[in-house]
Amino acid sequence: MADIVRACGTPLYIYSAGLVREAHASLEQAFAGYPHGIHYALKANSNLAVLRLLRELGTGADANSGGEIEAALRAGFEPSQIVFTGVGKTREELDHAVAIGVKAINIESDGEADRIDALARARGVKARVALRVNPDIDANTHAHISTGQRFNKFGVPIEAAAPLLRRLAGKAGLHVVGLHVHLGSQILDVEPLGGAARALAGLARSTRDAGLQLEHIDLGGGLGIGYDGSPHGSPAEYAAAVLPAIRATGLHLLLEPGRFLVAPAGILVGRVADTKAYPGCPRFVILDTGMTELIRPMLYDAYHRIVAVTPRPGDTHEYEVVGPLCETSDTLGHKREFGPIEVDDLLVVLDAGAYGLVMASNYNRRRMPAEVLVDGGAWRVVRKRQSYADLFRNEE
Ligand SMILES: Cc1ncc(COP(=O)(O)O)c(C=O)c1O
């Protein structure tokens, strides 16, 4: 890592291809006994090299915007491998998805269904659509990443789903192929995911009784990881929770994991820019990276382990690990124990492969960091650090 940092500088994201393959294999193994497709959720990490790696492993894609559809296409996914999700899709985004013929557009509302129908009829085609259902199930995760409760903006309430599906079945521009649900993210207890599977399986049964032939049930993403070492549902427990209900429908199962596949495979490396230790104040270690590169701790109170690359021997102390931005919330870790720390030391934020760079910003006119992919003994830069020329390119 020292070599990579010497060549590329900091802040720096480094991803391990091997760890992505491992996570993918564990999920595939858990669901091997049932026809399924993994549609990687690009929102977690849409670096094109990471996308190509996942495509080569055989995944499809879950895109959440026109930009993510573009990323999927550039990474070599076929339109028929892409599901298009997202609350608030624009007419332009929908028309593009209809034009290229994605595997399914996950419909969010009656109005969106009508807009897709009109766009498809104007093109003389039938758009493949699935209905995103809001089952009103608490996923027991952080409120900001909970999406499957009545008061969340996502999907159609489950009791409104059956009448809507019947209405959509009569639309000349729509081919209703599935049901979709996504309860939230960083879900540690798989039972709510099982509840969502049962709710959709029940809906699929009543839909079939009403004469509508579906192809798939898409259970979204959400499987969490152990950021702080606390227990979390394994792929095998996830499969055991959802498969009995899905198997009873006989429908193809789609999954949209993001975090599980890439979070543990990524680290964010920062260099110590300064330290402060004044009587009566916390000890601060100030990195050259913070909320502009990784906003999860500030946005979700998320915990990430932080480790020193070369720990120094000596007394340990409690530190506030902070970034360089003009925001008090720019804190990556509270009360973290370290031995002596000196300026220019490297600290590493673990499990930063998901919702890291994709949520980065240019706040304080900071430049987007570089990204490196390590594969076996080799590594390469898969995204260059933004230059000042890049930063100002589009301004008058
Ligand atoms: C519709 C949808 N699918 C999949 C995901 C991926 O979730 P995760 O990264 O938790 O697996 C998300 C993330 O919020 C989502 O909104």
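View 1. A nitrogen atom of the ligand is 2.6 Å from an N or O atom in the side chain of Glu256. An oxygen atom of the ligand is 2.9 Å from a polar backbone atom of Gly258, and an oxygen atom of the ligand is 3.3 Å from an N or O atom in the Lys43 side chain. A polar contact here is a pair of N or O atoms within 3.5 Å. The ligand is surrounded by 16 residues, and the closest are Ser185, Gly222, Glu256, Arg259 and Tyr355; a residue is counted if one of its heavy atoms lies within 4 Å of the ligand.

The model is predicted, with local features needing pLDDT of at least 70 and side-chain atom pairs pLDDT 80 or more, while totals for chains, interfaces and linings use all residues. Residues are numbered from 1 along each chain as its sequence is written, and side-chain values use heavy atoms, without hydrogens and water.

**View 2. Helices H5 and H6.** The axes of H5 (residues 91-100) and H6 (residues 110-123) come within 10 Å and cross at roughly 50 degrees. Helices are DSSP runs of H or I with at least four residues, strands are runs of E with at least two, and both are numbered from the N terminus. Axes are lines fitted to C-alpha atoms, for helices over the stretch in contact, and angles run from 0 to 180 degrees between N-to-C directions. H5 and H6 are therefore oblique to each other, a term for angles left after roughly parallel (under 35 degrees), roughly antiparallel (over 145) and roughly perpendicular (65 to 115). Arg91, Leu94, Asp95, Val98 and Ala99 in H5 meet Glu112, Arg115, Ile116, Leu119, Ala120 and Arg123 in H6, where contact means heavy atoms within 4.5 Å. These residues divide into 6 nonpolar, no polar and 5 charged; Ala, Val, Leu, Ile, Met, Phe, Trp, Tyr, Cys and Pro count as nonpolar, Asp, Glu, Lys and Arg as charged, and the others, Gly among them, as polar.

**View 3. Helices H2 and H3.** H2 (residues 17-31) packs with H3 (residues 48-57) at an angle of about 40 degrees, their axes 11 Å apart. The two helices, H2 and H3, are therefore oblique to each other. Ala17, Val20, Arg21 and His24 in H2 meet Leu53, Leu54 and Leu57 in H3. By class, this contact has 5 nonpolar, 1 polar and 1 charged residues.

**View 4. Backbone at Pro11 and Asp351.** A cis peptide bond, with omega about -5 degrees, joins Thr10 and Pro11. Pro11 is found in the loop between helix H1 (2-8) and strand S1 (12-16). Asp351 has a positive phi, near 55 degrees, and is found in the loop between strands S16 (346-349) and S17 (370-375). Most residues other than glycine have a negative phi, and most peptide bonds are trans.

Methods
A polar contact is a pair of N or O atoms within 3.5 Å; within protein, one must be able to donate a hydrogen and the other to accept it, and residues adjacent in sequence count only if both atoms are side-chain atoms.
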